[in-house]
Amino acid sequence: MGGQVLRLQDVTVRRDGAVLLRDIDWAVHEDERWVVVGPNGAGKTTLLQVVGAMLFPSEGSVEILGERLGQTDVFELRPRIGLASAALAEKVPPEEKVIDLVLTGSYAILGRWTEEYDSNDVTRAVELIDQFGCAPLIRRQFGTLSEGERKRVQIARALMPDPELLLLDEPAAGLDMGGREDLVRRLSSFAYDPKAPTMVLVTHHVEEVPSGFTHVMLLRHGSVVAQGPINRVMTAENLSHTFGVPLNLERGRDGRWYARAHQF
Ligand SMILES: Nc1ncnc2c1ncn2[C@@H]1O[C@H](COP(=O)(O)OP(=O)(O)O)[C@@H](O)[C@H]1O
Ligand SMILES: [Mg+2]
């Protein structure tokens, strides 16, 4: 077990009278890869915002990479965290070039203006773009990419500052079958890479959980149903409680999961 990357104690998030997260306790260590699984509205995105130092909880304590939220400068903390989400992708100007989008990831800004990049930055950006299968797209404008290409470019951008923690919010949402399988396979080999950062991936489809992910948190109505090592916690019973429907769960020989509703 590596060093502690996240530590949440009794974290509650309220907004406009609604409880979005309730009494969350969570510890994430360096060498772990977590998936957070739950239905729409369970609080998954809210949880990622908290651990991405974008949202303060109403109650409880949050430690991220050894820094306590509320007692640390979040502007120093955020560059140590890579985040890819649909909400961020919507803010990308359509004419932004792929290479510029990834390069500006080092500064957590959008739009290339007058920054000077050193050649190490450019080399790293090209390597990341290549690692996620986007080398032929390097000069293309973001707005001209397919949904799958956009997702992969976004992950390359999130990795640009060499973050210690990588947060992925529904990375496979909106992809067709080929795009999903390609992305899940890339995330799987990334998960097995011991040099990769600690990862937290959010999804509402167990089919999108890449093999190589080691732990799971199951969320329903802002509360934890179960959490821990994926082999122990990802069960039909736990998933059925999480989604509120009786589910059968199977695991393929490739380590991927498949859930189906019981025949009624
Ligand atoms: N500003 C807000 N005020 C009240 N409720 C909100 C607000 N933002 C989100 N919610 C609600 O909080 C719940 C959790 O949202 P979210 O974290 O986005 O869930 P998930 O990502 O699991 O789908 C949802 O029911 C959503 O409607
Ligand atoms: Mg969400």
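In the hairpin of β9 and β10, where two residues lie between the strands, His221 adopts a positive phi near 50°. The model is predicted, so that local features require pLDDT of at least 70 and side-chain atom pairs count only at pLDDT 80 or more, whereas totals for chains, interfaces and linings use all residues. Residues are numbered from 1 along each chain as its sequence is written, chains are lettered from A and ligands numbered from 1 in the order in which they are written, and side-chain values use heavy atoms, with hydrogens and water left out. Helices (H or I, at least four residues) and strands (E, at least two) are DSSP runs, numbered from the N terminus.

Strands β9 (residues 215–220) and β10 (residues 223–229) run antiparallel and are joined by six bridges; two strands pair if DSSP finds at least two bridges between them. Across this pairing, Met217 stands opposite Gln227, and His215 faces Pro229. Both strands belong to an open sheet of six strands with mixed pairing, ordered β6-β7-β8-β3-β9-β10. From one strand to the next, the twist averages 15°.

Axes are lines fitted to C-alpha atoms, for helices over the stretch in contact (heavy atoms within 4.5 Å), and angles run from 0 to 180 degrees between N-to-C directions.

Helix α7 (residues 177–192) comprises 16 residues and spans 23 Å from its first C-alpha to its last, close to the expected 22 Å, the expectation being 1.5 Å times one less than the number of residues. Its buried residues (under 20% relative accessible area, 1.4 Å probe, protein chains only) include Leu183, Leu187 and Phe190. The buried residues of α7 pack against β3 (33–37), α5 (119–131), α6 (147–159), β7 (165–169) and β8 (198–203).

The structure holds two aromatic pairs, defined by ring centres within 6.5 Å, with planes under 30 degrees apart counted as stacked, over 60 as edge-to-face and the rest as tilted. Trp26 and Trp34 form an edge-to-face pair, 5.5 Å centre to centre with 80° between the planes. The ring centres of Phe132 and Phe190 are 5.8 Å apart and their planes stand at 75°, so this pair is edge-to-face. Phe132 lies in the loop between α5 and α6 and Phe190 in helix α7, so the pair ties together parts 58 residues apart in sequence.

How values were computed: Buried < 20%, exposed > 50% of the residue type's maximum accessible area, 1.4 Å probe, protein only. Phe/Tyr/Trp six-rings, centres within 6.5 Å; stacked < 30°, edge-to-face > 60°.
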